[in-house]
Amino acid sequence: MIRSRIVKAGVSMVAVMLLLTGGQTIQAGVTQDAGSKYLDNVQKGNPGFKSVGKITFGPGGLLVVADPAKATITVIDTHDVGPLKKLEKKVPKIDVAVAASMGVEPDQINIVDMAVNSQSGKVYLSVQRKTDGQPAILVIDEKGKVKNLDLSEVDYIQVALPGGKDSKIRSITGVALASDRLLAAAQSNEEFANKIYSIPLPLTHGTSADIYSAETYHVAHRKWETKAPIQSFVPYSNKGKNYIVGAFSCTPIAKFPLDELQSGSKVKGTSVVELGSGNRPLDMLTYESDGKEWLLTNTFRFHWQKKGMFGPSKWWGVRVNMDYLDAEDINEEAARRDVKQKQGPNGIEIVDQLFGAVHIDKLQKKEIVVLRDNAGHLDLEIAELP
Amino acid sequence: MVKWFSHFLRRPVWYALLLLFGLLIFSERALAAGVPKEALFQLSIEANKSDPRLCLFVVTAADERLWSTLINTDEEQFQRVLSLKRETQSDKSLPAMLGRYQFKDQRLEFKPAFPLVRGGRYQAVFEPAALKLTTNKTDQRLHQTYAIPLPDTQPPRVTAVYPSGKRLPANHLKFYIQFSEPMQQGEIFEHFSLFNKTQKQLVPRPFRHTELWSPDAKQLTLWFHPGRQKVGVNLNVELGAILNAGQEYELRISPKWAALSGHPLGTEVKKTFTAVTMDERQPTINAWELNKPKQGTRKPLVCELDEPLDFALLRSQLAVTDANGKRVPGKIELAKHESVWRFVPEQPWLADAYQLVVGTVLEDLAGNSIARPFAIDLSKKQAASKTVGEFVTLPFSIN
């Protein structure tokens with residue numbers, strides 16, 4: 001089976017380079033390399049965020065930040081390339097510390113997303129104060145201390161999603177840095193439409209995404225074909241073809257071919273697994289265990305107390321054997337998770353470690369960092385996947 | 001000899017010892033001279049005159065050498081010495097506000113990383129003991145409270161809710177809510193509820209929890225959950241539809257919801273409507289009726305749309321072009337609950353050919369667009385409408 005997780009491939013390449021070079025110059029070398037491969041026309045200064053949304057890490061300490069209010073994607077070279085220092089112990093009620101660090105009460109912040117720098121182990125949070133919309137990128141170190149990523153003087157590039165200031169794109173649901181492109185999924189604030197943006201590497205400051213799909217569809221309940229917004233996704237390649245594997249509001253996991261994507265073209269996804277209704281997928285990642293590759297996703301289910309539903313929390317997660325993704329053109333026959341059981345059909349399993357998981361991201365191998373609901377507060381901890 | 005001495009001087013440890021010695025003498029003298037202990041340090045707040053949320057917290061030392069123990073230290077040590085917290089968060093286990101520390105001669109300045117919040121009360125605390133200067137001779141803890149009042153402005157208002165009509169299809173999809181000023185964002189859905197007036201109960205979980213704001217943050221697009229609004233889609237089957245035809249509803253907005261100014265709405269906002277038969281028909285321009293104005297006038301071109309269509313898309317997806325395909329500048333007005341679209345040109349109409357250009361993403365109230373119905377029943381082999389491009393046009397001429 002030929003398969004690669006594009007982002008992770010990039011990370012390992014950088015890791016090899018780390019081993020080959022040495023001393024103080026390592027970090028600069030790696031960062032410069034990551035910078036030159038991925039970024040062009042790098043700016044120094046303040047990216048001027050109006051909002052912060054989804055965030056994700058690429059290789060070499062590159063942090064991708066979506067700004068839905070400005071309809072832009074920014075890539076910051078954090079120069080945070082290790083050494084690896086994992087979170088030493090669980091940090092209870094990290095939301096309380098985050099709020100205090102920003103000078104407000106816990107109910108006055110919104111932790112929008114979390115990304116883990118797998119090279120340094122540091123946890124990055126995109127946070128907005130509800131009181132005044134003040135955005136921030138905060139960094140949690142191995143001791144659980146909250147630090148500020150000072151945005152006044154960073155190395156960055158910023159690209160606009162088409163439409164610029166008048167863009168109707170107001171919700172950027174996902175961002176990912178693949179080996180050959182930056183991907184973003186976004187929703188309009190007017191028509192019920194969802195768009196996938198693809199920007200080739202290197203990302204050049206001041207440019208605009210020029211390849212995008214006009215619409216995405218999926219088939220729900222084996223019968224109804226509707227437009228559907230992608231909530232989270234990962235880049236994925238198989239048999240030499242590139243895809244986005246995405247999860248939708250109502251909640252099939254579907255894959256979309258990327259290679260034929262042309263500006264303005266409509267792309268139709270192939271639903272491969274249905275997880276059950278009422279779920280809002282939050283994050284998605286892939287990992288390997290016992291020689292199998294798994295797709296892991298955590299979701300929020302708003303009618304979780306409905307009779308017969310499995311699980312102790314409205315936040316829960318599932319792993320899906322990635323062999324399911326080989327399926328071709330099976331919209332109507334997509335595998336359906338048995339919503340009343342912990343497992344089944346074969347290769348689709350509820351993951352206990354994801355109960356209460358509001359955000360997850362991969363640290364390394366089978367380790368993930370979980371931001372977990374604790375009676376309305378949020379605990380930060382490392383979890384080992386099955 | 002000189003070389004040997006300068007070599008020693010370069011060593012930080014000697015520097016530190018010398019400095020400490022100097023400080024000991026300095027503080028002893030200061031005390032011996034009867035200078036009150038608190039005079040060694042003074043805590044002050046320097047607020048920006050035009051924006052009180054921006055301020056500097058400053059401790060001025062009687063001598064800059066009193067800061068010697070803070071040189072080359074980390075942020076946490078600075079926070080132990082000078083911290084800023086909300087008054088309600090004085091607990092030691094809670095971290096202080098993040099920010100930047102710097103020295104300017106005798107001044108230790110703290111600039112918070114983020115503006116302070118209107119309506120908030122903060123306390124700056126200076127803890128000289130944390131400087132670990134000598135014994136506890138300089139231990140005079142200083143603190144000062146800083147409160148930022150809410151601005152002296154009117155509370156925010158809901159200026160409009162669209163659709164403006166009182167009859168909405170049972171598969172209605174979205175509302176546009178306009179405010180007089182930008183509102184607080186993030187987890188806003190607790191401020192919305194849908195009350196079924198016929199059944200006298202709240203409708204559980206009707207909204208799609210995705211915040212979609214206009215760039216000026218004064219218009220929110222509020223969606224009913226699409227998965228519950230379409231027959232046959234999973235949530236609709238499991239939980240039922242949100243609206244039942246023939247019943248009366250009230251969309252409610254909580255008075256507690258505050259604007260960025262800090263002021264709440266103050267009064268509950270209600271939008272009452274009756275659900276009518278579902279709309280599964282795509283809008284089509286063939287059903288539209290154009291009432292053309294006379295040449296030489298600036299009277300509006302009036303387009304009767306056959307049904308109410310989406311408020312925002314009517315403004316962004318319709319345009320008039322001239323015979324050369326050039327966009328005619330003018331103003332769009334909507335009437336009769338968004339079932340009439342009017343266009344007033346900036347310049348008088350010419351006796352010429354024009355066309356109305358319509359983006360096919362234009363939707364009705366139930367999400368059916370000119371290009372596509374909201375949902376297609378594959379089992380019925382229901383065909384999608386024949387493929388249409390990005391735009392359709394309605395030609396007309398002015399005489």
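The structure is a predicted model, in which local features need pLDDT of at least 70 and side-chain atom pairs count only at pLDDT 80 or more, while totals for chains, interfaces and linings use all residues. Residues are numbered from 1 along each chain as its sequence is written, chains are lettered from A and ligands numbered from 1 in the order in which they are written, and side-chain values use heavy atoms, with hydrogens and water left out.

Cys55(B) also counts as buried, at 7% relative accessibility. Over all chains, a search of the whole structure returns zero disulfides, a disulfide being a pair of cysteine sulfur atoms within 2.5 Å.

Chain B contains an open sheet of four strands in the order S1-S2-S5-S4, with antiparallel pairing. Strand S1 (41–47) and strand S4 (99–104) of chain B are at the edges and have a single partner strand each, so one side of each is left without a neighbour in the sheet. Neighbouring strands of this sheet are turned by 20° against each other on average, direction ignored; axes are lines fitted to C-alpha atoms, for helices over the stretch in contact, and angles run from 0 to 180 degrees between N-to-C directions. Strands (E, at least two residues) and helices (H or I, at least four) are DSSP runs numbered from the N terminus, and two strands pair if DSSP finds at least two bridges between them. S1(B) and strand S2 (residues 55–61) of chain B run antiparallel and are joined by seven bridges. Ile45(B) has Phe57(B) in S2(B) as its bridge partner.

A salt bridge is defined as a side-chain nitrogen of Lys or Arg within 4 Å of a carboxyl oxygen of Asp or Glu. By this rule, 30 salt bridges are counted over all chains. In chain A, Arg372(A) and Glu381(A) form a salt bridge whose closest N and O atoms are 2.7 Å apart; both residues are buried. In chain B, the salt bridge between Arg107(B) and Glu109(B) has its closest N and O atoms 2.9 Å apart. Arg107(B) is partly exposed at 23% relative accessibility, whereas Glu109(B) is buried at 4%. The side chains of Glu268(B) and Lys270(B) form a salt bridge at 3.9 Å, N to O. Glu268(B) is partly exposed at 39%, and Lys270(B) is partly exposed at 48%. A network of salt bridges links Arg129(A), Asp132(A), Asp51(B) and Arg53(B).

Conventions
Buried means under 20% relative accessible area, exposed over 50%, partly exposed in between (1.4 Å probe, protein chains only).
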